Amino acid sequence: MNISDTIAAPATAAGVGAVALIRVSGQHAHACVEKCLREKEKFSRAPAHKLLLYTLLNPETNDIADEVTAVRYSAPHSYSAEDMVEIICHGGSVVIEKIMSILLQTGMRYAGKGEFTQRAFLNGKVTAIKSEAINDLINSKNTIAYKNALNNYFGDYETLLGKWKEALVEAISLIESHLEFPEADDVAEGEVSERVHDTIAELTGEIEREMEKRKKMSVLERGVVVAIIGNKNAGKSSLFNILIGGQRAIVHEKEGTTRDFLTEKISIRGIEATLVDTAGLGSAGEEIEEIGIQRAWEYAHNADIRILVTSADREFTQEEENIMRRTQQEDCLYCIVSKKDLVKNADKISTLKRRNLQYTLISLIHEEGKTEVQGWISNRLEAEIERRNESSIFQNLRHEKLADTMLGELKRAQEYSRQGYEMASFHLRNALTAIEDLVGNVAHEDILNNIFSQFCIGK
Ligand SMILES: Nc1nc2c(ncn2[C@@H]2O[C@H](COP(=O)(O)OP(=O)(O)OP(=O)(O)O)[C@@H](O)[C@H]2O)c(=O)[nH]1
Ligand SMILES: [Mg+2]
């Protein structure tokens with residue numbers, strides 16, 4: 001990718017809209033756009049950052065393409081830190097295509113994915129973390145991802161990373177001055193190794209804590225899994241259909257109707273969750289049924305939130321006992337006692353009460369309980385958010401890998417902290433490089449390309 005080219009691309013999403021924005025960046029941005037405007041002098045004399053009205057035309061045929069507003073930015077005071085023009089035209093794919101083809105005729109080329117931000121990065125205007133935060137902000141699927149991206153965008157990570165860097169630099173200097181001038185050094189040998197050892201231990205603890213937060217967060221980013229589990233014929237599929245508001249799962253009086261699991265996305269208060277209907281637990285008649293039941297058990301054990309459907313006309317089964325015992329402590333199990341219209345099983349209710357489990361007694365054929373169950377799910381989702389609502393400076397796979405590198409290097413440095421100072425210093429320097437790479441001293445082109453290829457065109 002040649003970064004001395006002048007580039008252009010629509011920055012707004014494709015489709016019909018009131019207006020669209022086209023960005024132009026590079027050393028010939030001003031001259032190229034000027035060629036395509038009828039009011040050339042007005043444009044060249046317009047103060048930077050001032051939005052004015054122009055007629056955009058094809059410079060070869062003088063055919064009018066659109067009436068637009070445009071704003072000129074001079075380097076380095078622009079998004080990419082290069083000379084830039086932003087053209088606001090009427091929205092709609094034909095208008096945009098027409099203007100883009102006119103601009104490309106003047107000698108610029110179509111921008112690659114994330115190329116405007118990549119240039120901003122190469123010109124030192126944004127760090128790698130901030131570039132990623134811009135992309136995360138655009139793509140955030142829920143309020144948590146959004147909040148995290150915003151924190152990194154505004155540089156909340158800087159304080160912590162600055163502190164880590166400072167600690168590393170101090171440890172390295174301590175070791176190196178001791179190695180070079182052992183006599184002149186007024187810090188005793190034992191004290192050097194003690195201080196280096198403590199610094200590494202503290203740093204390791206802090207990085208591990210950040211990684212821990214990242215793990216909690218990533219569960220929410222991929223969406224919480226809410227599984228409906230229970231014995232055959234309990235009413236799981238009936239509840240699933242009620243919650244999604246449609247007839248997605250087959251409901252039938254025959255036992256073992258649902259053989260595989262079914263998933264459907266639900267969104268409650270801005271949080272995306274995946275609702276899963278599972279096969280009924282119990283003994284299997286044949287191999288395929290057995291596989292379905294195994295999958296159901298996986299959900300029973302691993303889902304973030306579990307809803308156990310149990311029929312009022314039957315006593316608790318072994319499987320239900322198993323599930324209740326396992327999840328009782330975790331407060332993420334909700335029991336739906338179905339078929340209230342058939343029988344009121346007072347024993348079952350008192351058992352649930354005695355065990356301090358949350359439950360509701362409903363009739364699924366009368367479509368009861370939807371608001372109640374939804375209310376419980378959304379409370380649980382909010383509790384999950386509350387529990388995981390700590391933003392981490394590590395936001396993606398690239399960050400996680402660098403954190404692993406830091407931890408590995410610190411571990412090795414620690415092994416040498418009491419003897420073999422040269423090696424300790426070497427590994428501490430590697431850890432320092434990893435921190436610098438995290439912010440954006442990214443020297444490798446493939447890493448850079450990897451970051452920006454995740455962007456959309458025009459960003
Ligand atoms: N009377 C009554 N019937 C219900 C109730 N809930 C479910 N049923 C009936 O019970 C039968 C089984 O319901 P499903 O929703 O298919 O049960 P399931 O748990 O998905 O069953 P499997 O997929 O076989 O494990 C159907 O005939 C439903 O109409 C209820 O609250 N009252
Ligand atoms: Mg079913």
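**Entry 1: the shell around ligand 1**

I sorted the shell around ligand 1 by class and got 5 nonpolar, 11 polar and 6 charged residues. For the classes, Ala, Val, Leu, Ile, Met, Phe, Trp, Tyr, Cys and Pro count as nonpolar, Asp, Glu, Lys and Arg as charged, and the others, Gly among them, as polar. This is a predicted model, where local features need pLDDT of at least 70 and side-chain atom pairs count only at pLDDT 80 or more, while totals for chains, interfaces and linings use all residues. Residues are numbered from 1 along each chain as its sequence is written, with chains lettered from A and ligands numbered from 1 in the order in which they are written.

Which residues come nearest to ligand 1? I found Gly 235, Ser 237, Thr 258, Gly 280 and Leu 364, out of 22 residues around the ligand. Here a residue is near a molecule if its C-beta atom, placed from the backbone, lies within 6 Å of it. Helix 9 (residues 236-244) gives the most to this shell, with 3 residues. Helices (H or I, at least four residues) and strands (E, at least two) are DSSP runs, numbered from the N terminus.

**Entry 2: domains**

I looked up the domain assignment and noted domain 1 (7-127), domain 2 (137-219 + 396-438) and domain 3 (225-388). The bounds come from an automatic or database domain assignment. Between the C-alpha centres of domain 1 and domain 2 I noted 43 Å.

**Entry 3: helix 5 with helix 6**

Two packed helices are described by the angle between their axes and the distance between the axes. Helix 5 (residues 128-139) packs with helix 6 (residues 143-153) at an angle of about 150°, and their axes are 8 Å apart. This makes helix 5 roughly antiparallel to helix 6. Axes are lines fitted to C-alpha atoms, for helices over the stretch in contact, and angles run from 0 to 180 degrees between N-to-C directions. Angles under 35 degrees count as roughly parallel, over 145 as roughly antiparallel, 65 to 115 as roughly perpendicular and the rest as oblique.

I also noted that helix 5 passes helix 6 in a left-handed crossing; that is, the near helix is turned anticlockwise from the far one by less than a right angle (clockwise would be right-handed). By class, this contact of helix 5 with helix 6 has 9 nonpolar, 1 polar and 2 charged residues. Two residues are in contact if their C-beta atoms, placed from the backbone, lie within 7 Å.

**Entry 4: two partners of helix 15**

Next I checked helix 7 (residues 157-180) against helix 15 (residues 421-439): their axes come within 10 Å and cross at roughly 155°. That makes helix 7 roughly antiparallel to helix 15, and their crossing is left-handed. In this contact I found 15 nonpolar, 2 polar and 4 charged residues.

Then came helix 14 (residues 397-415), whose axis comes within 8 Å of the axis of helix 15, crossing at roughly 165°. Helix 14 is therefore roughly antiparallel to helix 15. The crossing of helix 14 with helix 15 is left-handed. On the helix 14 side, the contact includes His 399, Leu 402 and Thr 405.

**Entry 5: a loop worth a look**

Most residues other than glycine have a negative phi, and most peptide bonds are trans. Where do Pro 76 and Ala 81 sit? I found Pro 76 in the loop between strand 4 (64-73) and strand 5 (84-90), and Ala 81 is also in the loop between strand 4 and strand 5. The peptide bond from Ala 75 to Pro 76 is cis, with omega near 0°. Ala 81 has a positive phi of about 70°, although it is not a glycine.
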